[in-house]
Amino acid sequence: MEKREIDLTVSCYGKVKGVKYDVVILPWGATEPHNLHLPYLTDCILPHDIAVDAAALALQNSGVRCMVMPPYLSVHTIRGSANFRSASIPAIPPSRPFWKT
């Protein structure tokens, strides 16, 4: 299994256009400062990496093919960031998968 088949952040259309996915994983993470030494995206990088590992295990152990999307950013009202309320989640419109007709 190639990582580009399960991680959309490193994939391309040519790699995924013929693949049938069972599950799409949308990792969520905060964009906020982490003192002076860690990047703002620390809370997005970690959930994304965990999701990629989980997708690989799902395929290996159960035959369930997952695609991990780029992380959805939840940001806070601290200098250099903004706030996203979880109550807004239901307002996100569902999208039709591009591989279904």
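1. Which side chain makes a polar contact with the side chain of D7? Looking at this predicted model, the partner is H48, whose side chain lies 3.0 Å from that of D7. D7 sits in the segment before helix 1 (13–16).

2. Is D7 buried or exposed? With a relative accessible area of 2%, D7 falls under the 20% cut-off, so it counts as buried. Setting aside residues up to four places away in sequence, D7 touches H48, V52, M67 and V68.

3. Now for the overall layout. The protein chain has two helices and four strands, and along the sequence they come in the pattern α-β-β-α-β-β. Of the contacts with a separation of 6 or more, 61% are between residues 24 or more positions apart. Buried residues make up 26% of the 101 residues. The chain exposes about 7000 Å², and carbon and sulfur atoms supply 60% of that area.

4. You will find P70 in the loop between strand 3 (66–68) and strand 4 (72–75). Its relative accessibility is 37%, so P70 counts as partly exposed. Beyond four places in sequence, P70 is in contact with L8, T9, L26 and P27.

5. On the surface, L41, I45 and L73 form a nonpolar patch, and together they have about 240 Å² of accessible area. One of them, I45, belongs to helix 2 (residues 42–62). I45 is partly exposed because its relative accessible area is 40%, a value between the 20% and 50% cut-offs.

6. A word on confidence before you build on any of this. Mean pLDDT for the protein chain is 79, with 71% of the residues at 70 or more. Strand 3 has the highest confidence, at a mean of 95, while strand 4 has the lowest, at 69. The loop that holds P70 runs between these two strands.

7. Finally, the end of the chain. Which residues have pLDDT under 50? That applies over residues 96–101, for which the model has five contacts beyond four places in sequence.

Definitions and conventions. Residues numbered from 1 in each chain as written. Predicted model: local features only at pLDDT ≥ 70, side-chain atom pairs only at ≥ 80, totals over all residues. Heavy atoms only, no water. Buried < 20%, exposed > 50% of the residue type's maximum accessible area, 1.4 Å probe, protein only. Contact = heavy atoms within 4.5 Å. Patch = residues over 30% accessible without salt bridge, like charges linked within 9 Å, V, L, I, M, F, W, Y side chains within 5 Å. Areas by Shrake-Rupley, 256 points an atom, 1.4 Å probe, with all protein chains shown as cover. Salt bridge = Lys/Arg side-chain N within 4 Å of Asp/Glu carboxyl O. pLDDT = per-residue confidence, 0-100. Polar contact = N/O pair within 3.5 Å; in protein donor to acceptor, adjacent residues only side chain to side chain.
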